[in-house]
Structures are given as C-alpha cells and as structure tokens.
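Work through the exercises below with the structure at hand. Try each task before reading its solution.

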Amino acid sequence: MRQGNSLVSTVTGDQPSATDATRSVELTIGGMTCASCAARIEKKLNRLAGVTATVNFAMEKARVTVPAGVTPRDLVKVVEQAGYTAAVPATREPDPAAGLAAGPGEQAGEAASLWQRLLVSAVLTVPVLVLAFVPVLQFRGYQWLLLVLATPVWAWGAWPFHKAAWANARHGAATMDTLISVGTSAAYLWSVYALFFGSAGAPGARSGFALLARDATAHSTYLDVAAGVTVLVLAGRYLEARARRQSGAALAALLSMGARDVAVLRDGAEVRVPVGQLAVGDRFVVRPGEKIAADGVVEAGYSAVDASMLTGEPVPVEVTVGDPVTGATVNASGRLVVRATRVGSDTQLAQMARLVEDAQNGKAAAQRLADRVSGVFVPVVIGIAVVTLITWLLLGEPVVAAFTAAVAVLIIACPCALGLATPTALLVGTGRGAQLGILIKGPEVLESTRKIDTVVLDKTGTVTAGRMSLAAVVPAPGQDTGELLTLVGAVEDASEHPIGAAIAAGAVDRLGGGLPAVTGFVSHAGLGVSGAADGHAVAAGRQAWLEGEWAQQVPAVLAARALEAEAAGQTTVYAGWDGQVRGLLVVSDTVKPTSAEAIAELRRMRLRPVLLTGDNARAAAAVAGQVGIDEVIAGVLPAGKAEAIRQLQAAGRVVAMVGDGVNDAAALAQADLGLAMGTGTDIAIEASDLTLVRGDLRTVPEAVMLARRTLRTIEGNLFWAFAYNVAALPLAALGFLNPLISAAAMAFSSVFVVSNSLRLRTFRPRH
Amino acid sequence: MTATTYAVTGMTCEHCVRAVTEELTRLGGVTEVTVELVGGGQSAVRVTSDEPLSADTVSSALEEAGDYRLIAADQH
C-alpha cells in the first residue's frame with residue numbers, strides 16, 4: 001500500500017499486501033468521550049475471532065483487520081453493543097493526508113445535519129407558537145393544524161435527542177438529551193392524548209388559559225412546548241457543533257510539513273521519487289530552499305539549516321560533512337548530499353506527531369456542564385413525577401387528573417433555555433475574544449481555565465520575539481561607536497544571514513540614517529563576511545577567523561565581554577579593519593517589550609509562571625531574570641516538553657502552556673489549557689485550546705480572565721434556565737400547570753439567558 | 001454478603017464508570033457496584049457480592065472493561 005508520503009498509514013480497502021483471507025476496514029466511531037472509550041471498543045472488537053483493531057480517539061476512527069467470515073456489519077454491531085456508534089465511511093480516502101483531513105469534514109457533516117433539522121423545525125414551529133399564543137388567530141379546529149406541524153418537529157427534529165436518551169437509558173445514565181427527550185415527549189404525547197381522548201380536540205376549544213388544570217382534566221395542549229424546546233435546543237447544538245474543536249487538524253498540519261518528494265542519487269544520477277520510497281541508507285540531494293526529506297547525516301556540502309519550524313530557534317544551524325540533519329527542516333544556503341538514517345514513521349517529525357496524538361488521546365473530555373446537572377436533575381424530576389402520581393391517586397383523585405399532574409411535572413421540568421445556556425455565552429464570549437485577539441476553540445476549554453494554577457511559557461517566540469536583533473555594541477578602546485556601526489552595518493547589510501541582517505537593521509536603527517555602499521562583498525561560509533566601505537577593508541566574523549585570516553588581535557576587554565555574552569546564550573560577532581579588531585557586536589533574541597508586564601499580571605492573578613526552554617540554563621536564567629520568572633526548566637529536548645508538563649501535572653499542578661513552535665505542540669496538547677501564539681506555527685495553533693492572535697504575552701492573562709468570565713456566565717445561565725422551571729415544578733405537581741405558565745417559564749428563562757450572555761460583550765481587560 | 005472497595009486507576013469519565021460497572025455486575029454473585037469517579041486518579045469502586053471475590057477475578061473483569069487497573073482492595 002501507499003505508506004507513501006505520510007507518517008501515519010491509513011489502511012484502505014483492497015490492499016495488495018494483505019492476504020486474500022483478511023482485509024482491512026475503517027470505521028468511523030461516535031460517542032467516545034475519552035481515551036478509555038477507545039480502549040474499550042478496541043477490546044470488544046479484538047474479541048471477535050481473527051480480528052485486530054486499533055481505535056484512535058482523537059480521529060474518531062477504528063482500523064480493523066478482519067478475516068473472511070466477518071462483515072463490517074458485525075463490527076458495527078459489536079461497537080454498538082458497547083454503547084457507541086460506528087459506520088463504514090462511504091468513500092475510501094485517496095491518500096493518507098486526505099484521510100486525516102476527513103475527521104474535521106465529518107464534524108462539519110454533523111453541523112450540516114443539525115442545521116437541516118433546525119431549519120425545518122423552525123419553519124414548522126413559528127406558526128405553532130403564533131397560533132398557540134394569539135387566541136384571535138385560533139380558527140375552528142386549529143389544534144389539528146398544530147398537531148400536523150408539531151409532529152415532525154417532535155419526531156424528526158428531536159430525533160437526535162431521543163436516540164441519545166435511549167442509548168443513555170440502556171446504561172442507566174441521564175444527560176441533557178434525556179431531559180429534552182422526556183420533556184418534549186411528555187408534552188407531545190400528552191397533547192395527542194388530550195386531542196383524541198380529552199376535550200382539547202373539540203372543534204370549538206381554544207388554547208387553555210384556564211388557571212386550573214385539575215377540573216377540566218385534559219383540555220390543554222403543550223404542542224408549543226414540544227416544538228419550541230426542540231428548536232431552541234437544536235439551535236444551541238448547531239452553534240456548539242460549529243464551534244467544536246477539530247481534533248485531527250493538528251496531525252494533518254504536522255504531516256503536511258514534510259517534504260513530498262526527494263531527489264535520490266541512484267548510480268550517480270538524481271531521480272525524483274515520492275518521499276515514501278526513500279529507504280534508510282539512500283543518499284539524496286537537498287538544494288537551497290528545499291525541505292530535507294528525512295532524518296540523515298550530511299555526506300557532502302556545507303550549508304545553514306533553518307530548523308525554526310521544529311525547534312523555534314531563530315538562528316540557522318550550520319552543518320557540514322558528518323553533521324546530523326532533521327527531516328522537514330529547510331536547507332537555507334548550500335547544496336547538500338544527505339544519507340538517510342531514519343525514514344517514514346521513525347523520523348523526528350513522525351515522533352512529534354505521535355507525541356501530539358498521545359497527548360490528545362490522554363486528555364479526558366470534560367463532561368458538558370449541562371449534562372452533569374442533568375444527570376442529577378433527571379432522576380429527581382422523574383421521582384417527583386412518580387410521587388405526584390401516587391399522591392394524587394392516594395388522595396382519591398381521578399386517574400386522569402393524577403396523570404395530568406404527573407405529566408405536567410415532566411413537561412415543565414424540561415428547561416428550553418438549557419439548550420441556549422452554553423452556546424449563547426460561548427458565542428458572545430468567543431466573539432468578544434476575537435475582538436481582543438483571543439480565539440477560543442470550544443466549550444471544553446473554558447472548563448479547564450478555572451482550576452489553572454501554573455502557566456508554563458515557552459521561551460523563544462513566546463516570551464522573546466523569536467527574532468535576532470542587535471543587543472549590544474562594544475567598541476574597542478579608543479574606537480568611535482558611530483564609525484563601527486556604519487562600517488559593520490554596511491558590510492553586514494549585503495549578507496543574507498539572519499545575524500547579518502540583525503546587525504544591519506540595528507545599525508540603521510541606532511544611526512538613524514542610511515549605510516554607505518559596499519564593494520567587493522564576500523561571504524565566507526561559517527566564518528564571517530568581508531567587503532570595502534568608506535575606503536576601509538572591513539571584516540566581521542568569528543574570533544579565530546579574524547585572528548588567523550586577517551591577522552587582527554582581539555583586545556582582552558572585548559574577549560571578556562564576548563565570553564560573558566555567549567554564556568548568556570547570545571551570539572557575538574567581532575569586526576575589524578586596517579589590521580585591528582575595532583569592536584564587538586552582540587546579537588540575541590530579545591524579550592518582547594510587553595512580556596514582563598504580562599508576567600506581573602499573571603502573578604497578580606495568583607498564577608505561577610514557569611519558563612520552559614531547550615536552551616541552556618544560563619540563557620534561560622538571563623531571560624527569566626528580565627521578565628521576573630523565578631521557576632525555570634531549561635535544557636529540555638523538543639520531545640521532552642510534554643513530559644515536563646506531565647511532571648508538573650503529576651505534582652498536582654493544573655497547567656496552562658503558552659507556546660508557538662512545532663516542538664511545543666505536544667506540550668500544548670498535554671497541558672490542561674494550551675495557548676498558542678498566533679504568530680506561531682499552524683501545528684501549535686491546532687494543538688492548542690486558545691490562540692492569541694497578536695502574539696502579545698499580555699493577552700495570556702486577558703484570555704484566562706475572559707474564559708473564566710464566560711464560564712461563570714454559562715453557570716449563571718444554567719442556574720436561571722433551571723430556576724424558572726424548578727419554581728414552576730410545585731405548581732405542576734399540585735395540578736396548577738397550564739400552558740400559560742409553561743410558556744412564561746420558557747420565555748422568561750430564554751430572555752434571561754440570552755441577555756445574561758450578552759453582558760459578556762462588555763468584558764474589558766484590566767490594563 | 002460482603003462488600004469490598006477497590007482502588008482502580010484509568011477511569012476518566014462516565015463511560016468508564018459504565019464499562020466497569022457492567023463488567024463487574026456480570027461476575028457471579030455480585031449484587032451491587034457503585035463507583036466514585038476520580039478522573040485520572042484512583043477511583044473507588046465498591047462491590048457488594050454474596051461471596052468474597054478474588055483479586056484476580058476483579059482484575060480480569062477490569063481488564064475486560066478496558067484499560068483499568070486494580071491498585072488496592074479494602075474489605076469491610
């Protein structure tokens with residue numbers, strides 16, 4: 001099969017490598033809430049004779065190898081018996097990368113299906129509500145039109161709730177779906193009963209605004225409740241489905257980073273082949289600007305390799321014969337011949353993909369707050385309904401009256417604003433966030449912000465700008481700083497190296513003017529640059545090169561300063577002309593101007609900042625000191641960042657991680673809350689829960705504050721959604737419920753919930 | 001009649017609770033299973049049965065239910 005240009009292989013229909021007796025089936029699994037669900041389904045499938053299955057929680061997919069006698073239908077049955085849903089995708093993915101992209105597509109499909117239900121139900125429900133609430137319009141026999149309109153809304157529109165409620169009921173569990181299903185069904189079925197067997201169906205009957213339900217037993221209908229609740233909850237579900245995180249996206253983004261094809265050397269000639277055909281030991285050519293196809297060792301050539309997309313480090317690494325290079329990094333300058341040492345799923349890129357996947361799998365999905373509340377509420381309501389029924393019967397009331405009261409309890413217990421409580425707050429909160437440059441991915445994110453006590457910050461690109469800039473200019477004794485900057489700036493301006501560019505930009509900045517023209521510019525790879533400016537032959541580069549090639553002595557003051565700078569992780573460049581070293585230029589990644597302020601704000605919010613970096617301890621300490629962080633984890637390998645987060649979590653901390661690089665992706669997914677810099681890589685953004693568009697660290701405390709405010713609003717909404725209905729429960733149990741009260745509860749709680757959510761629009765960050 | 005509380009790791013959500021409850025209830029002589037979920041930590045699973053259950057029986061039932069592990073048992 002085409003293991004091809006992918007690191008994760010997707011098994012397709014009739015792969016030639018499989019024997020005739022077995023074949024592979026891919027199933028889409030629904031209803032998994034955590035990694036344990038995946039393990040459970042895996043176990044159930046594997047118990048079938050001859051079946052091997054792997055279930056991926058994040059992608060919601062199962063890959064199953066089945067013997068001849070087993071059909072996909074059998075597999076689906078097994079999964080369904082375990083309490084989940086399974087389907088065979090209609091079309092086979094043409095290539096593995098597309099297979100990864102299929103996850104989000106299916107989620108979009110869910111939103112589309114909800115939209116369809118919502119649209120049809122809404123169109124049918126509007127006349128129901130109008131007729132039910134405007135008595136003037138109630139023509140003779142109007143209630144039969146209501147029934148015709150409301151039936152499809154209850155039966156088809158609310159079908160997802162009925163289905164989910166049934167699935168839950170088999171496990172003896174109750175969620176928000178149960179509440180919705182029971183409430184709408186009670187309202188609908190009761191109305192049908194009233195129409196056919198009660199007095200509500202009489203041609204002259206009007207909507208019952210009578211205050212006492214008990215004497216005229218079954219004359220009122222609640223079709224408006226059944227239809228209205230369904231539409232509102234569908235609307236909420238649709239909004240949520242659209243906002244839902246797309247879990248497969250991080251992997252897809254990561255995998256798309258690799259090279260697609262590679263120029264392999266076969267018998268001295270270059271042959272372009274898909275990267276999947278590359279084998280360990282193959283030698284391949286990488287031209288300037290190309291991505292390196294696999295992990296390997298340089299066999300010939302000299303170049304600078306830009307690994308910033310993997311490590312986040314802004315300075316290209318210079319490589320020559322014998323040096324290792326990593327797949328997916330970019331060859332910045334010279335032609336290289338590389339011998340592949342690790343290909344396909346063994347490369348560092350693939351390992352990172354696995355780390356991200358593992359971290360996402362291991363994260364338990366937070367249960368929806370509304371479901372948690374419903375889990376308690378539903379049994380209580382059913383209990384009250386039963387008690388109501390029994391009490392009425394014991395009091396010697398007629399059976400019909402007893403049932404009326406019991407059903408009324410079920411009808412009023414289903415708060416229609418429940419469906420709106422989470423999505424409206426989320427919609428307004430995310431909208432306000434977008435204005436402030438904070439993109440929130442989904443409701444589950446908010447749940448995690450509350451308990452956060454530690455904020456881990458990646459150093460490069462997060463706390464610092466992730467770009468080289470001129471940090472210090474040290475002239476040799478007696479040398480004029482202006483002249484030093486002018487001459488070195490002029491020569492470095494002709495260089496394309498990021499360090500040269502940083503020096504030139506810094507020089508222009510400090511001089512406040514242009515630089516003289518350079519003639520005879522030469523770039524000495526890995527050593528330095530030289531050229532003539534203002535009548536001087538200027539050289540800038542490494543100490544050994546200036547001393548050797550140019551016979552210039554480095555003054556001791558400068559050497560001491562250079563040592564100091566290098567120890568702090570900074571890069572140094574000497575410059576000289578006319579036989580003398582004239583100065584030292586220090587280049588480094590600089591701390592963003594707003595970082596210190598942001599960290600002070602985090603401390604005010606009682607969050608502990610921690611600096612996490614792959615750099616050495618001295619460099620890390622220098623940055624930490626500048627921004628006021630005292631807890632530093634330094635020298636972490638790219639693959640170790642997620643582990644570092646895990647250790648903090650194991651120590652009982654609830655961790656938010658802020659990062660920007662590919663190497664941060666696994667840590668972002670592992671953290672309880674992942675925040676990606678919008679200026680960072682796609683992978684980091686996909687693996688995170690929140691994206692900070694501006695890349696300004698001050699948005700971190702803002703984001704946490706906004707998320708907490710939104711969560712509080714959701715909680716408030718849930719409270720009020722239930723409160724009006726709970727207040728009406730005793731009325732229902734006593735037999736006083738009538739459509740007016742149920743409609744009022746519906747209207748008040750909905751209006752309250754929506755306006756409470758709208759208050760989030762006024763959210764202002766503190767500074 | 002005997003009741004034992006087991007410390008079980010690996011449970012993260014209501015689904016896990018259901019899976020574990022289902023498998024344990026299926027064991028002979030088990031009359032009641034209640035789970036106090038501690039997501040990501042050690043959940044307390046209380047099993048009431050006619051006869052005491054061996055740790056192996058419980059372990060294999062947990063294994064059957066999913067990636068769950070028996071850490072400790074406390075009879076009372």
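## Exercises with solutions

Chain B has two helices and four strands. Helices (H or I, at least four residues) and strands (E, at least two) are DSSP runs, numbered from the N terminus. This is a predicted model, where local features need pLDDT of at least 70, side-chain atom pairs count only at pLDDT 80 or more, and totals for chains, interfaces and linings use all residues. Residues are numbered from 1 along each chain as its sequence is written, chains are lettered from A and ligands numbered from 1 in the order in which they are written, and side-chain values use heavy atoms, leaving out hydrogens and water.

**Exercise 1.** State the order of the elements in chain B and its share of buried residues.

*Solution.* Start at the N terminus. The elements of chain B run β-α-β-β-α-β. Next, apply the burial classes: buried is under 20% relative accessible area, exposed is over 50%, and partly exposed lies in between (1.4 Å probe, protein chains only). Of the 76 residues in chain B, 43% are buried.

**Exercise 2.** Classify A:Asp267 and A:Ala328: buried or exposed?

*Solution.* Locate A:Asp267 in the loop between strands S5 (261-266) and S6 (269-274) of chain A. Its relative accessibility is 84%, so A:Asp267 counts as exposed. Now take A:Ala328, in the loop between strands S11 (324-325) and S12 (330-331) of chain A. A:Ala328 is buried, because its relative accessible area is 3%.

Then check the backbone. Most residues other than glycine have a negative phi. Phi of A:Asp267 is positive, near 55 degrees. Phi of A:Ala328 is also positive, near 80 degrees.

**Exercise 3.** Describe helix H16 of chain A and the place of A:Glu483 in it.

*Solution.* H16 of chain A covers residues 481-493, and A:Glu483 is among them. The helix has 13 residues. From first C-alpha to last it reaches 17 Å, close to the 18 Å expected at 1.5 Å a residue. That expected span is 1.5 Å times one less than the number of residues. Buried residues in H16 include A:Leu484, A:Leu487 and A:Val491. A:Glu483 has 31% relative accessibility, so it counts as partly exposed.

**Exercise 4.** Where is A:Gly296, and how far is its C-alpha from that of A:Arg283?

*Solution.* A:Gly296 is in strand S8 (residues 295-300) of chain A. With a relative accessible area of 3%, A:Gly296 is buried. A:Arg283 is 13 residues away along the chain. The two C-alpha atoms are separated by 9.0 Å.
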